[in-house]
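Hello,

Please have a look when you get a moment.

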Amino acid sequence: TVVDARTGEVLLADAADERHAIASATKLMTALLALERAEPGDVFTAPAYRPMSPIESMIRLRAGERMKVEDLLRAIMLESANDAAVTLAEGVSGSREAFVAEMNDRAAQLRLANTSYANPIGLDDPENYSSAEDLAALARRLLRDRLFARIADSPSTVLRSGARTRRIANRNLLVRRHPFVSGVKTGHTREAGFVLVGSAERGGAEVVSVVLGEPSESARDADTLALLRWGLDQFRRAQPLVAGRTVERRAVKGHDRQAVRLVPARTVALTVRKGSA
């Protein structure tokens, strides 16, 4: 799926409303609630977190460690840290269960008809799913937030507000390798396969892509890159008004041989779909 990030217009879609496990793309809703219901400078206390797998992504927060919301957001978006996601959930709502209820309420408010959440992390669960269409809509909304957009577009960052300094890198390798790619979120579990919600900007055009159930990280990245490039190629820059260039001549009433030139004071450039007038 590829959509125009500015308008939501669908540029390309294939079974975009089908429900799939979405792995850590779940954390997009975790991020949205944190942005809406907390301030970046708020400090949350990490609860005890016991990973279900030794390979879970974490920043290894100790129980009782305090960290700013802004750094917790960086941790879930770049490192996809499950312990940071749980810290945000409990900090915002008091418990994981209450936070999940709020996730589902917010999804309903946003009319994400094919989305359901069972946890704030993205662990496989029959009740944790979404669709490419819904994920694109959620990503578009998040990218309007300047802090979120900056975080999603960061190749790496340093978390300074915890008990120790942590340097983390973005798991979205496309952000690190291609300057025009600006986000958004990776994910992988056994049930979901490899997932990537991507975004890119070029020449005033902005697009969001979603791939779900990819067989490998390399396939996920290659398909996302192809979709983003294709989406950007659907736009062109146009200059309907050029400074100093006459747009029209108008006769002066009562003076048949006189005319007034209409000349713009500045150039106006627009990004438009190819093939549009």
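Let me start with Arg220, which lies in helix 8 (helices are DSSP runs of H or I with at least four residues, strands are E runs with at least two, both numbered from the N terminus). This is a predicted model, with local features needing pLDDT of at least 70 and side-chain atom pairs counting only at pLDDT 80 or more, while totals for chains, interfaces and linings use all residues. Residues are numbered from 1 along each chain as its sequence is written, and side-chain values use heavy atoms, without hydrogens and water.

Is Arg220 buried or exposed? Arg220 is buried, at a relative accessible area of 3% (buried means under 20%, exposed over 50%, partly exposed in between, with a 1.4 Å probe and protein chains only). Leaving out residues up to four places away in sequence, Arg220 touches Arg171, Thr186, Gly187, Phe194, Val195, Leu196, Val211 and Glu214 (contact means heavy atoms within 4.5 Å).

Now to the strands. Strand 8 (residues 193-202) has 8 of its 10 residues buried. Strand 7 runs antiparallel to strand 8, joined by 8 bridges (two strands pair if DSSP finds at least two bridges between them), and Val184 has Gly198 in strand 8 as its bridge partner. A hairpin of 3 residues connects strand 7 to strand 8. On to strand 9 (residues 205-214): 8 bridges join it to strand 8, again antiparallel, and Leu196 stands opposite Val211. Their hairpin has 2 residues between the strands, and Gly203 in the turn has a positive phi of about 55 degrees.

Best wishes
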